[in-house]
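Please keep the sequence and the model at hand while reading.

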Amino acid sequence: MKNNKSPGYDGICYEHIKYGGVQLLVHLCLLFNFMIVHSFVPADFCFGMIVPLLKDKHGDASRLDRYRGITLSSTVSKLFESVLVAIFGNSLQSSELQFGFKKKSSCCHALFTFNESVKYFMNNGGRVHCVALDASKAFDKVLHYGLFDKMLSRGVPLMFVKILIYWYSHLETAILWNSVLGESFKVFSGVRQGGILSPYLFALYINHLIDGVKKSSYGMHIGSVFIGCILYADDILLLSESCTGLQHMVDICAKYGRTWDMCFNSSKSYCITFGGFCSTSTPVRLNNVELKRVPKLKSWVIIFVKGRVKLIQHK
C-alpha cells in the first residue's frame, strides 16, 4: 500500500490503514471474515467515482474522445481484494501463454517467447504468419455472468464466486466533475477498474480463448509445445506456419468474441509475415473484413519488422 494515493468516495486513504494501529487490524480481520462467510460486501465497496482526465492538455477539451476515465474505489475494498487473492489466488491461474498479471512475468518474457519462436522457424527455412488482434475495451466488456460461469466450470470455490456475484450485481458508479458528483448509475459489465482482483478475473475470462485455439491443432508448435497464441493482458498475437491455419485461428477468436461479447477491431488488427512474403491471394479476414498486411507492426513498445524484432524506446 503506497502513500499519497487518491482515496475513494469514503475519504479513507492507505495511510489510515497503515497507521491505524492493531485494534483497527483486528476489526478489519473480523469484518473480512464475516464478509467471506456471508458472501456480502458493504455498499461503499460497490461504488466507484469516475474522474475524467484529459489525454492531451493541448487538444480540444470539448471532445469526449479526448478524455479517459479513472475510477477511484474504496481503499478498504482493495485491501479485501488482496485478502481474497491470498486465499483463492491458486484457483485463478491462467495459461502459461498469458504473460500478463503474473509474478516474475512481464512483457519482456512475451517478447522473448515470440522472438525466439520466430527465429527458430526462420533459421530452419520456414515462414511465420502473424496476426495482431486488437480487442476493443476488453476489460470493460467482460460479461459478469459469463465470468461466473467460467469460474464455476474451472472449479473455483463456490464461497468465492458467491462473494463476486453479490459484489458485481451491486456495482454503481458516478462521474466526478469539478468537485461535483453526478447521479450514480448501475454497472452491468466489465471488471472493476483498479481492482486488485480485476487482472486475475480478466485473465481467467480470456483463458478459454487460448484453450480453444490450442485445441484446434492449428498454429505453431515447437516439438510438442504449442506456441501459436501469445498474450500479454488483452494484446493477442496469433502465429502460424500457413495463412490457411492463421485464418482458422482468427475465425476461432472471432467466434469467441461473438459468444462472449469481446469485440475485435478489424481496423486496428494487422497481418505480417516473417521469413518471406505471403501472397496477397490468400488474405486473412476478421468478421469478413480483410486485415491490412503491413511490413512492420508496432505492439508492446517494440517494432516487429520482417525477419527481426527491433526494440524502440518507450515515449
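The notes below describe a predicted model, grouped by topic. The model holds 16 aromatic pairs, and a search of the whole structure finds zero disulfides. Its largest nonpolar core has 74 residues.

**The nonpolar core**

- Of the 74 residues in the largest nonpolar core, Phe-80, Met-151 and Trp-167 touch the most other members.
- The largest share of this core comes from helix 7, residues 198-215, which supplies eight residues.
- Leaving aside residues up to four places away in sequence, Phe-80 touches Phe-32, Met-35, Ile-36, Val-41, Phe-45, Ile-163 and Trp-167.
- Phe-80 also belongs to an aromatic cluster, which it forms together with Phe-32, Phe-45 and Trp-167.

**Aromatic pairs**

- Among the 16 aromatic pairs is that of Phe-40 and Tyr-166, whose ring centres are 5.2 Å apart. The planes of these two rings meet at 45 degrees, so the pair is classed as tilted.
- Phe-40 lies in the loop between helix 2 (22-38) and strand 1 (47-54), whereas Tyr-166 lies in helix 6 (residues 158-168). The pair therefore ties together parts that are 126 residues apart in sequence.
- Both partners are partly exposed: Phe-40 has a relative accessible area of 40%, and Tyr-166 has one of 24%.
- Tyr-120 and Phe-121 form an edge-to-face pair, with 5.5 Å from centre to centre and 85 degrees between the planes.
- Within this second pair, Tyr-120 is partly exposed at 41% relative accessible area, while Phe-121 is buried at 9%.

**A lysine beside two rings**

- The charged end of Lys-150 sits over the ring of Trp-260, at 3.8 Å from the ring centre.
- Lys-150 also lies over the face of Tyr-205, where the distance to the ring centre is 5.5 Å.

**Two local sites**

- Thr-71 is found in strand 2, which covers residues 67-73.
- Apart from residues up to four places away in sequence, Thr-71 touches Gly-48, Met-49, Ile-50 and Gln-193.
- How far apart in space are Thr-71 and Asp-261? From C-alpha to C-alpha they are 22 Å apart, and 190 residues separate them in sequence.
- Ser-91 is placed in the loop between helix 3 (75-88) and helix 4 (107-123).
- A polar atom of the Ser-91 side chain lies 2.6 Å from the backbone oxygen of Phe-88.
- Ser-91 touches Arg-154, Val-156, Pro-157 and Leu-204, when residues up to four places away in sequence are not counted.

Technical notes
Residues are numbered from 1 along each chain as its sequence is written. This is a predicted model: local features need pLDDT of at least 70, side-chain atom pairs count only at pLDDT 80 or more; totals for chains, interfaces and linings use all residues. Side-chain values use heavy atoms; hydrogens and water are left out. A disulfide is a pair of cysteine sulfur atoms within 2.5 Å. Helices (H or I, at least four residues) and strands (E, at least two) are DSSP runs, numbered from the N terminus. Contact means heavy atoms within 4.5 Å. Rings of Phe, Tyr and Trp (its six-membered ring) pair if their centres lie within 6.5 Å; planes under 30 degrees apart count as stacked, over 60 as edge-to-face and the rest as tilted. Buried means under 20% relative accessible area, exposed over 50%, partly exposed in between (1.4 Å probe, protein chains only). A charge sits over a ring if NZ of Lys or CZ of Arg is within 6 Å of the ring centre and within 35 degrees of the ring normal. A polar contact is a pair of N or O atoms within 3.5 Å; within protein, one must be able to donate a hydrogen and the other to accept it, and residues adjacent in sequence count only if both atoms are side-chain atoms. A nonpolar core is a set of buried Ala, Val, Leu, Ile, Met, Phe, Trp, Tyr and Cys residues joined through side-chain atoms within 4.5 Å.
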